[in-house]
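Subject: Structure handover and findings

Hello,

Here is the structure we discussed, followed by notes on what turned up in it. Please read the notes with the structure open.

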Amino acid sequence: FRSDLEATCQNDHVHEPWGVHWSAGAWVFDTSAEAAYPALLAQRAVQCMLKVVSQRKLSLQAPPRLHDLATAAQGKQSRRHAQLIPEFHHFSKQLASEPQQPGTKSLAPHLGGDSREELQTETDGQHGQQSDESVRKFVKVGVYHTPKQFLSLAKELKHPIDATDHLEPVTRQALQFNLRYPAEVVKLERKKNLLFAKLLAAQTDSQEKALHDGLPASLAKVLSGKRILVWEQLLRKYEYDDMEVVRFMKEGVHLVGVHDSPQCYPEKIKAASLTKQDLENSAVWRRKAIIGKRVEASDPSHLRHLEETAMEETDMGFIEGPFWSEQEVSDYFGHDRWMVVRRFVLVQGTEQKLRPIDDCLEAQLNMGFTSTSYLKLQDVDYIASLALKVAEAVSTGQQRHGSGEWKGKCLDLSKAYKQMGIHPSDRHLAVVYFVGEDGRPRFYVANSLMFGSTAAVYSFNRVSRSIWWLFNKMLLIPCGVFYDDYPLFSPAELAEDSDSSASALLDILGWKHARTGPKGLPFSQRFQVLG
């Protein structure tokens, strides 16, 4: 592209002299005063980039968000959706000095419609030779559709509710299997796949024990009962698209730095503003600031809840403690470059549920993590559109067997984040702190992920997605996933089998989940999902 960027000076302006001068105790080159690239150079650079995009057949449009596809499937539209019919038929350029033609519109500057300079080569008409170069100013204009063109496009248009396919491929496959085959066939397929998982568990029992015996003590406590090798082999068998999640379980999750960028999520980089060394170097003073911070007196019931939760998590191996002073924690780590993360209680929902939150934002822990992807979360709109997809399939006769009645439930993992461990090298960045009912400070060293850490959100969602994948592809249960919740759908004839199969798989893999209470309800025609 070198020739595309070349330009000859027209000698119609004065050039500043090139040189160097002494300023503020240093030599400064005069070229450093050039704060912006010339407009013509910028325009030509863009043209070079467009050529590369065209040659490599790349798309300039960002992929549609899963949420937007889900709302479109419900017949809802927003400005985030692509235009059904583009405003202009095509674009063109014209000399800035020419009058605007009928049926066109000058584009706004942010759409490239501002005046721009282009180098034009003048040709000698008599000999066909290049004789001179000049710069002319052009503007970009949009040319409207004619009424006939617009009507033709409108006649071919489909409503978004009919044209949008928002379901993930594995969910679509699970749904189609349930629609196509009788209940006995679906049950047999699930039974066969679960038997294979049980055989894997028996075959890898000694290797699994060796793996757990070789884990650091902090990880061994958190992962007790997890069949990581069975999970890994099932993911390989059913072609999971993010196998890097296995490292999160085997090695623990790094709370700072950067994780790999999974192919299953769109890329979106949000860089860290602090390094691990920055956090360690300033840990002592930030710790003093957090511990010395005056906070309003908490509700006694909240303090009691914090203490009860800490005792429960200690018994389950999720945290170590309590430590009653900073010195005790320093002695535990062998240094004082550890971080404190204040824990407080958040009251959630109409049920007034008390949830302990670890304030990783206040501790600046989250400022040390670089996220590289945009999580595609299957929210309430996704689940609602999945329900509509089921209803459409039944109403149009796609379900070949059974009554056509469907049921659903929301399966919930118990203490979901706590079932994943922190990388041992980052545990000194995760010391939980709160003041008890007696006014004494308490410190606990975290072994498992903290509810409040950005790294925990990204790593946990990738792991929970792997379970969702197995529910759909291995057990043929059409479902979604939102953090630790799995809204499951099933024909009425298969509801009980779907429930028991999902629990059986989680039991084999060692994932704790709700079986009773509000979060352990059976399949029903009406169920609560995602709050």
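A residue is called exposed when its relative accessible area is over 50%, buried when that value is under 20%, and partly exposed in between. With a relative accessible area of 55%, glutamate 239 is therefore exposed. Please keep in mind throughout that this is a predicted model.

Backbone

Glutamate 239 sits in the loop between α10 and α11. Its phi is positive, about 55°, although the residue is not a glycine. Tyrosine 483 is another non-glycine residue with a positive phi, in this case near 60°. That tyrosine belongs to the loop between α17 and β16 (485–491), and at 24% relative accessible area tyrosine 483 is partly exposed. There is also a cis peptide bond, running from glycine 321 to proline 322, with omega near 5°. Proline 322 is part of strand β9 (residues 319–323).

Helix α10 and the cores

The helix that comes before glutamate 239 is α10. Of the 10 residues in α10 (residues 228–237), 7 are buried, so the helix is largely enclosed by the rest of the structure. The buried ones are Ile228, Leu229, Val230, Trp231, Glu232, Leu234 and Leu235. They pack against α7, α8 (205–213), α11 (245–251), α17 and α18.

In soluble globular proteins, nonpolar side chains tend to be buried together. In this model the largest nonpolar core has 80 residues, and those with the most contacts inside it are Trp231, Leu234, Phe471 and Trp511. Helix α17 (residues 454–473) gives the most to this core, namely 8 residues. Another core, of 12 residues, lies apart from it and includes Leu66, Leu167, Leu179 and Trp406.

What does phenylalanine 471 touch, leaving out residues up to four places away in sequence? The list is Leu411, Leu476, Ile477, Cys479, Tyr486, Leu488, Ala502, Leu505 and Leu506.

Salt bridges

The count of salt bridges comes to 29. One of them joins the side chains of arginine 190 and aspartate 497, at 3.0 Å from N to O. Arginine 190 is in helix α7 (residues 183–203) and aspartate 497 in helix α18 (residues 495–509), so this pair ties together parts that are 307 residues apart in sequence. Both ends fall under the burial cut-off: arginine 190 is buried at 1% relative accessibility, and aspartate 497 is buried at 19%.

Helix α14 and serine 301

Serine 301 is found in helix α14 (residues 300–315). Is this serine buried, partly exposed or exposed? At 28% relative accessibility, serine 301 counts as partly exposed. Its C-alpha atom is separated by 9.8 Å from that of valine 345, which is 44 residues away along the chain.

Cysteines

How many disulfides does the structure hold? The number is 0. For cysteine 264, which is in no disulfide, the nearest cysteine sulfur is that of cysteine 479, 15 Å away. A disulfide would need the two sulfur atoms within 2.5 Å. Cysteine 264 is buried, at 8% relative accessibility, and cysteine 360 is buried at 1%.

Surface

Val20, Trp22, Trp27 and Phe29 form a nonpolar patch on the surface, with about 520 Å² of accessible area together. The elements giving two or more residues to the patch are β1 (20–23) and β2 (26–29). Tryptophan 27, in strand β2, is exposed, with a relative accessible area of 58%.

Regards

Note on methods
Residues are numbered from 1 along each chain as its sequence is written. This is a predicted model: local features need pLDDT of at least 70, side-chain atom pairs count only at pLDDT 80 or more; totals for chains, interfaces and linings use all residues. Side-chain values use heavy atoms; hydrogens and water are left out. Patches are made of residues with over 30% relative accessible area and no salt bridge: like charges are joined within 9 Å, nonpolar side chains (Val, Leu, Ile, Met, Phe, Trp, Tyr) within 5 Å. Accessible areas come from the Shrake-Rupley method with a 1.4 Å probe; for residues, only the protein chains shown count as cover. A salt bridge is a side-chain nitrogen of Lys or Arg within 4 Å of a carboxyl oxygen of Asp or Glu. Helices (H or I, at least four residues) and strands (E, at least two) are DSSP runs, numbered from the N terminus. Buried means under 20% relative accessible area, exposed over 50%, partly exposed in between (1.4 Å probe, protein chains only). A nonpolar core is a set of buried Ala, Val, Leu, Ile, Met, Phe, Trp, Tyr and Cys residues joined through side-chain atoms within 4.5 Å. Contact means heavy atoms within 4.5 Å.
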